[in-house]
Amino acid sequence: MDNRLDILQGYKILTLTFREVPTHRLEELVLSNDLEGELFGRLELMKKHLGLDEIFYLHTCNRVLFFFYGNQEPDINFQLRFFRQINPALTEDQFNFLADKVKLLEGEQAIHHLFEIAASVDSMVVGEREILRQLRTAYEECALQGTTGDYIRLAMQQAVRSAKNIYNNTRIGEKPISIVSLSIKALLERNPKATDKILLIGAGQTMNLVCKFLRKHNLKNVSIANRTLDKARKLMNGFSGSAMNLEDLENYKEGFDVVFACTGHSSSWINGELYSKILKGDTDRKTVVDLAVPTNFKPEVSQGFNMDYIQVEDLRKIARANMAFREKEVTAAKAILKTQFDTFKDTLEQRQIEKALKTIPAQVKAVKEKAMEEVFKKDLENLDENSLALVHRMMDYMEKKCVAIPMKTAKKAIRK
Ligand SMILES: NC(=O)c1ccc[n+]([C@@H]2O[C@H](COP(=O)([O-])OP(=O)(O)OC[C@H]3O[C@@H](n4cnc5c(N)ncnc54)[C@H](OP(=O)(O)O)[C@@H]3O)[C@@H](O)[C@H]2O)c1
């Protein structure tokens, strides 16, 4: 068998993702880690009890993944022991559920899966770079705590390289998918000026994200109205307008060019009367972005006033089209992954050779010393000072060259 395949076979992944189960069932495979540092202690215990060489753990809202290296046969007994490490009180029902749903991948398949995760080809939202950041952070922590070693390091390095290659050479991460980024894009397409007055209605999570984008694009003439005034005040950081209570909205006198509305009311509540009060007679065309579901603006406002009205339903249509575009890029991404996998096999082989050759310098040195101090000792004693110095220089030269030969030859063989 190809030696590289032998080494590859040690890589394994045991995972549960949004593809196999609803996301709340991912919990079944999550390692509890209530205490600081407990997670790594548990990973160390898993290594010890399961006889693994290395282990890496990733938990996101869409997947739980154990990536490990070891030579165990991952049969049903191994799985049972694995699941017991995660949950010592595992019931038969839980075991049957996990055994049925968990994906176990070995060798080439495991590496391909890791590369696909890093490149966000296997994500719920294809092309979402966040997963690469999560993967790197989780790896850095595991590496720091010593649960991983050389094998996982090499695989992670190549996974990150191939993900970057894919983001640079395909359009998988282009075209926004999130409703908030699409709403900002729609606003930017209308060329807002830095001095434009922006009124935000609501100060929840969605509006938090809107604020980040506004700051990023230097749109800071912002006022915020919210039911809880304190939350509006907190969001004002970096903005030049004012914070107000929702009830004071009708008294707002500063005027506006753009409105973002996103409150959790159970029905549309901004009617023509309220909107007229906020307008205070201003007849200029406004940009109104309504991110709430159901919409905050009543149809009488969106249809009866001079405005560009952007609502979630329209943005969702764009998001779907953009997602379809990203998914088409998956074919190109997979072709790149294939070449990256071949590179990884070469790297793995080179590393094995490096490890095997590590002892050569010491061996060559020992041969030299034996020659000088035992085999040719008497002959050397008869040499004059200059000749002896020359022999030393020649032996040092030979030692250096002999050490380099095997490494060079091995590298040439890999390149072929
Ligand atoms: N477009 C999207 O992609 C998207 C994504 C998620 C959510 N949404 C929609 O956005 C809205 C808010 O979502 P969110 O994630 O920002 O929620 P959130 O973090 O819970 O914030 C809710 C916001 O609405 C306000 N609010 C809730 N009920 C209210 C009421 N009865 N009267 C007055 N104010 C009220 C809250 O005020 P307090 O601060 O006083 O609590 C807060 O400002 C919802 O309609 C949701 O369906 C849209």
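Helix H9 (residues 205-216) contributes three residues to the shell around the ligand, the most of any element. The model is a predicted one, in which local features need pLDDT of at least 70 and side-chain atom pairs count only at pLDDT 80 or more, while totals for chains, interfaces and linings use all residues. Residue numbers start from 1 along each chain as its sequence is written. Helices (H or I, at least four residues) and strands (E, at least two) are DSSP runs, numbered from the N terminus.

**Ligand shell**
- There are 20 residues around the ligand, and those that come nearest are Ile-179, Gly-204, Arg-227, Thr-228 and Gly-264. A residue counts as near a molecule or strand if its C-beta atom, placed from the backbone, lies within 6 Å of it.
- The shell is made up of nine nonpolar, nine polar and two charged residues. Here Ala, Val, Leu, Ile, Met, Phe, Trp, Tyr, Cys and Pro count as nonpolar, Asp, Glu, Lys and Arg as charged, and the others, Gly among them, as polar.

**Domains**
- The protein chain is split into domain 1 (3-174), domain 2 (179-318) and domain 3 (358-396), with bounds that come from an automatic or database domain assignment.
- A distance of 42 Å separates the C-alpha centres of domain 1 and domain 2.

**Sheet**
- An open sheet of six strands has the order S7-S6-S5-S8-S9-S10, with parallel pairing. Its edge strands, each pairing on one side only, are S7 (243-245) and S10 (307-311).
- From one strand to the next, the twist averages 15°. Two strands pair if DSSP finds at least two bridges between them.
- Strand S9 (residues 286-290) runs parallel to S10 and is joined to S10 by five bridges; Val-289 stands opposite Ile-310 in S10.
- S5 and S6 also run parallel, joined by four bridges, and Ile-201 has Ala-225 in S6 as its bridge partner.
- S5 is covered on both faces: Ile-198 and Leu-200 are buried on one side, Leu-199 and Ile-201 on the other. A residue is buried if 20 or more other C-beta atoms lie within 10 Å of its own, exposed if 12 or fewer, and partly exposed in between, with C-beta atoms placed from the backbone.

**Helices across the sheet**
- H9 lies across strand S5 (198-201), strand S6 (222-226) and S8, at about 160° to S5.
- Helix H8 (residues 179-188) lies across strand S8 (258-261), S9 and S10, at about 175° to S9.
- Axes are lines fitted to C-alpha atoms, for helices over the stretch in contact, and angles run from 0 to 180 degrees between N-to-C directions. Two residues are in contact if their C-beta atoms, placed from the backbone, lie within 7 Å.

**Backbone exceptions**
- Most residues other than glycine have a negative phi, and most peptide bonds are trans.
- Lys-175, in the loop between helix H7 (150-169) and H8, has a positive phi of about 60° although it is not a glycine. Lys-175 is partly exposed because 19 other C-beta atoms lie within 10 Å.
- Asn-191 has a positive phi near 50° and sits in the loop between H8 and S5. Asn-191 is exposed, since it has 7 other C-beta atoms within 10 Å.
- Val-293 and Pro-294 are joined by a cis peptide bond with omega about -5°; Pro-294 lies in the loop between S9 and helix H12 (299-304).

**Asp-396**
- Asp-396 is in helix H16 (residues 385-415) and is exposed, with 11 other C-beta atoms within 10 Å.
- The C-alpha atoms of Asp-396 and Val-367 are 12 Å apart, with the two residues 29 residues apart along the chain.
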